Amino acid sequence: MADTLDSLETRPPEQRERELMARLPQLIARAKAAAGWSRILKDVNAGDINSRAALATLPVTRKSDLHALQSQQTPFGDLNTTPVGQLARVYMSPGPIFDPEGRSGDWWRFARPLYAAGVRAGGLLQNCFSYHFTPAAFMVEGGAARLGCALIPAGSGQTAMQVQAISTLRPDTYVGTPSFLKIIIEKAQEMDADVSSIKRALVSAEALPESLRAWFADHGVPCVLQAYASADIGSIAYETRTGDVRDPGMVLDEEVILEIVRPGSGEPVPAGEVGEVVLTVFNPDYPLIRFATGDLSAILTDTPSSPGGRTNTRIKGWLGRADQTTKVRGMFVHPSQVHDIARRHPEILKARLVVSGQVAQEAMTLHCEVADPASASNDAIIESIRKLTKLRGEVEFVPVGSLPNDGKVIADVRDYR
């Protein structure tokens, strides 16, 4: 039997897809009961949204929209379906952006990444995420409670006390940022303290370079896996292991529907292409419908059918930010404008705006993938650039497949020296 948290993780992909799509109409109907979603989805018939194609017709709500929505209706922009006083906690993140937590067990669905990292009932975790205003520490609390293990609420900072807690209480797992784990290990060396009980770590909120993962292995922590989560959504995806071998990419959580869309639009891109992460989340208290995270990623297309027994879609993990807005000659140029230009001209299969030169003397060139670059005409496209951006721009036609697969819609290569 596969070493997974439950049978949901090993469902045949076709069964998972059927079950998720069957749940969509109920999710949309529940969301529309909230005033905020009712405004966003005002012309949507919930019963019609029962496929990915139908889901893709709905408007995208961006994380960057939350501050404005919440300013109009504090604290959650009327996107919550559970009244504020019936929630368990309300968080405030930078922005400020307010995030809710409901009362159900493992509300953030963090047991899955913990289990994948090797956490089991009877274990002891040192939880080094902050308990101050933000939900990361409480995500770990909920997951640990579901798994039946104990937890040291260490929070962040006070490095010497962190070392003392590990050397005395002997937790087997660290949870927190990778940079803080490195600081703790270095502090332990300075104090000549034994922190060798930590044999595994689940890290998040920062990038984990392979060089740092190797450093941890050299310093006694052979298993360090990443979780991809956010304060709005909770667990999104997480790394897994089959025996001693780390599986490719990150496997999606079972309660989310993932779309990868072209930045600045809501249009899904082909599997394997880098784009913006858009999620629909089956959360009874705070449903999110086509919520654009602002993060870039891509679906892995060349993985084994079910590494370690898990059959859900795998993504490459965090590949950067999708908001590539830049300022050219005093005017902001947005990815959505590049998308609108391409949409006006069906011959453009993919577009990338390159801003080059020196500041105040820059040039804009729209690189367009077209079927036949030799016969394409640029006059109408140049006019669309001028109308939509209020700036002059040139056009360069390139063969299909020649633009980089990095999710960039705007590439700023100016010389800032």
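Me: At what angle do the axes of helix 8 and helix 9 cross?
Reply: They cross at roughly 35° and come within 11 Å. Axes are lines fitted to C-alpha atoms, for helices over the stretch in contact, and angles run from 0 to 180 degrees between N-to-C directions. Helices (H or I, at least four residues) and strands (E, at least two) are DSSP runs, numbered from the N terminus.

Me: Where do these values come from?
Reply: This is a predicted model, where local features need pLDDT of at least 70 and side-chain atom pairs count only at pLDDT 80 or more, while totals for chains, interfaces and linings use all residues. Residues are numbered from 1 along each chain as its sequence is written, and side-chain values use heavy atoms, leaving out hydrogens and water.

Me: Is that crossing left-handed or right-handed?
Reply: Left-handed. That means the near helix is turned anticlockwise from the far one by less than a right angle; clockwise would be right-handed.

Me: Which residues meet there?
Reply: Pro178, Leu181, Lys182, Ile185 and Glu186 of helix 8 meet Leu212, Trp215 and Phe216 of helix 9. Contact means heavy atoms within 4.5 Å.

Me: Which residues of helix 8 are buried?
Reply: Pro178, Phe180, Leu181, Ile184, Ile185 and Ala188. Buried means under 20% relative accessible area, exposed over 50%, partly exposed in between (1.4 Å probe, protein chains only). Seen down the axis, the buried residues of helix 8 fall within an arc of 160°, so they line one face. The arc is that of the directions from the helix axis to the C-beta atoms.

Me: What do they pack against?
Reply: Helix 7 (159–169), strand 6 (173–176), strand 7 (200–203) and helix 9 (210–218).

Me: New topic. What is the strand order in the open sheet of four strands?
Reply: The order is 21-20-19-22, with mixed pairing. Two strands pair if DSSP finds at least two bridges between them. Strand 21 (394–399) and strand 22 (410–412) are the edges, each pairing on one side only.

Me: How many bridges join strand 19 to strand 22?
Reply: Three, and the two strands run parallel. Val354 has Ala411 in strand 22 as its bridge partner.

Me: And Thr365, buried or exposed?
Reply: Thr365 counts as buried because its relative accessibility is 17%. Thr365 lies in strand 20.

Me: What does Thr365 touch?
Reply: Arg352, Leu353, Val354, Glu394, Val395 and Glu396, not counting residues up to four places away in sequence. The C-alpha atoms of Thr365 and Val354 are separated by 5.3 Å, with the residues 11 apart along the chain.
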